[in-house]
Amino acid sequence: MTPMTDHPVATALAAVRARIAAAADAAGRDPRAVTLVAVSKTHGADAVRAAVAAGQRVFGENRVQEAKAKFPGIRTETPDVELHLIGPLQTNKVKDAVALFDVIQTVDRPKLARELAREMARQGRRPHCWIEVNIGSEPQKAGIAPAEVDAFLAACRADYGLPVTGLMCIPPAGEDPAPHFRLLADLARRHRLPVVSMGMSGDYEAAITAGATHVRVGTAIFGGRPAAG
Ligand SMILES: *Cc1c(COP(=O)(O)O)cnc(C)c1O
């Protein structure tokens, strides 16, 4: 057998998993309560396959078109691969997104919620929906303001019948993320939402300490990406 465990992605994955387990232990949490979402954006199908060979099943992509080009083949080989959309979703990509993703982490506006509901009814597919929260209330950032989560969640459920099960956030750059992580976990608890998606390569341990159920880790597993243009 090819020693896939020697692949750099396998080595990096093992290290990230060990740090997740240690952070959960230190916080008195069950490591199995933290799901690692391996963020494979910009990396090719070969890198994803190396992660799959190392036992990884949950992946995150931030562009619908890129995921559509990369994942169908992988899923044919490994049907239990789970795919999350973690980037902004334009309404003209909703059809593809509903067809492809198991979880849409970035529901961030009423128009999108409405289009998702319509498309789910059309396709008979119901990916889980998580609400993106603009946790630092930054003017230019996507997401529902913390104070609006209550009303938006109610609208998603009552007006659109969306299967909302969690919250996700990206804290403001250059600030201590811990207070933002605690605020998101608190919002989820208050609304009885079981899922809290937060923490990336630089801060996933702090996110676990604050109660993350899903951490989204790219660079620490797959290596660097070309700088965004
Ligand atoms: C790219 C991305 C990540 C992963 O970031 P890394 O720093 O590479 O771990 C996580 N979440 C979102 C929303 C992203 O766009």
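Analyst: On a 1 Å grid over the protein atoms alone, a pocket is an open set of points where a 1.4 Å probe fits, with protein on both sides within 12 Å along at least five of seven lines; lining residues have an atom within 4 Å of a point. This is a predicted model, in which local features need pLDDT of at least 70, side-chain atom pairs count only at pLDDT 80 or more, and totals for chains, interfaces and linings use all residues. Residues are numbered from 1 along each chain as its sequence is written, and side-chain values use heavy atoms, without hydrogens and water.

User: How many residues line the largest pocket, and which lie nearest its centre?

Analyst: Its lining has 22 residues, with K41, N62, I86, G87 and P88 nearest the centre.

User: Where does the ligand sit?

Analyst: A molecule sits in a pocket if more than half of its atoms lie within 2 Å of the pocket's grid points. Here the ligand sits in the largest pocket.

User: Which side chains have an N or O atom at 2.7 Å, 2.5 Å and 2.8 Å from an oxygen atom of the ligand?

Analyst: A polar contact is a pair of N or O atoms within 3.5 Å. The side chain of K41 has such an atom 2.7 Å from a ligand oxygen, that of S201 has one at 2.5 Å, and that of R225 has one at 2.8 Å.

Terms used. Polar contact = N/O pair within 3.5 Å; in protein donor to acceptor, adjacent residues only side chain to side chain.
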